[in-house]
Amino acid sequence: MALNVFGEPLIVCSTAPLTGYYRNGCCETGEEDLGTHTVCAIMTDDFLQFSLSRGNDLITPRPEWAFPGLKAGDRWCLCASRWMEAYRVGLAPEVVLEATHEKTLTYITLEELVKYSYRQ
């Protein structure tokens with residue numbers, strides 16, 4: 001069973017849009033996930049533009065990949081390194097900690113994540 005950053009069972013990040021490396025709604029990871037898509041983040045316009053500027057277009061729909069394109073407010077499993085890159089320039093989106101995989105802690109401290117914790 002996959003665990004979150006608190007060592008508890010990982011909860012679903014999003015099923016609409018369907019996210020996760022394995023497209024099961026969870027930010028699970030494995031050896032084949034070279035990008036470590038483990039951070040359940042809530043998209044913002046600023047972050048989406050930042051990602052686009054880095055060559056990762058998360059905005060444009062890609063029907064051939066069953067990807068609807070993201071908009072502000074959507075939850076998405078981000079690569080830990082991309083989240084950290086955005087963090088360093090002040091553009092990191094909020095994080096749903098209960099849906100963020102524990103492997104994220106290899107790249108980002110819990111203290112840094114808590115600062116960006118999504119509060120409902």
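Helices here are DSSP runs of H or I with at least four residues, strands are runs of E with at least two, and both are numbered from the N terminus. You are looking at a predicted model, in which local features need pLDDT of at least 70 and side-chain atom pairs count only at pLDDT 80 or more, while totals for chains, interfaces and linings use all residues. Residues are numbered from 1 along each chain as its sequence is written, and side-chain values use heavy atoms, with hydrogens and water left out.

Next, colour α2 itself. Ala 80, Arg 82, Trp 83, Met 84, Ala 86 and Tyr 87 are buried there, meaning under 20% relative accessible area with a 1.4 Å probe and protein chains only (over 50% is exposed, in between is partly exposed). Show what covers them: β1, α1, β2 and α3 (110-115) are included.

Now bring up α1 beside α2. Their axes come within 11 Å and cross at roughly 110 degrees; axes are lines fitted to C-alpha atoms, for helices over the stretch in contact, and angles run from 0 to 180 degrees between N-to-C directions. The two helices are therefore roughly perpendicular, a label for angles of 65 to 115 degrees (under 35 is roughly parallel, over 145 roughly antiparallel, the rest oblique). To see the contact (heavy atoms within 4.5 Å), pick Phe 47, Phe 50 and Ser 51 of α1 with Arg 82, Glu 85 and Ala 86 of α2.

Which residues touch the most other members of the largest nonpolar core? Select Val 39, Met 43, Leu 78 and Trp 83, out of 22 residues in that core. Such a core is a set of buried Ala, Val, Leu, Ile, Met, Phe, Trp, Tyr and Cys residues joined through side-chain atoms within 4.5 Å. At least two residues come from each of β1 (37-42), α1 (45-53), β2 (75-79) and α2 (80-88), and α2 gives the most, with five.

Zoom in on Met 43. Not counting residues up to four places away in sequence, Met 43 touches Leu 48, Leu 70, Lys 71, Ala 72, Gly 73, Asp 74, Trp 76 and Leu 78. Then move to a second, separate core of seven residues, Cys 13, Cys 40, Ile 42 and Val 96 among them.

Finish at Ala 2, in the segment before β1. Its C-alpha atom is separated by 6.6 Å from that of Glu 28, 26 residues apart along the chain. Leaving aside neighbours within four places in sequence, Ala 2 is in contact with Glu 8, Pro 9, Leu 10, Glu 28 and His 101.
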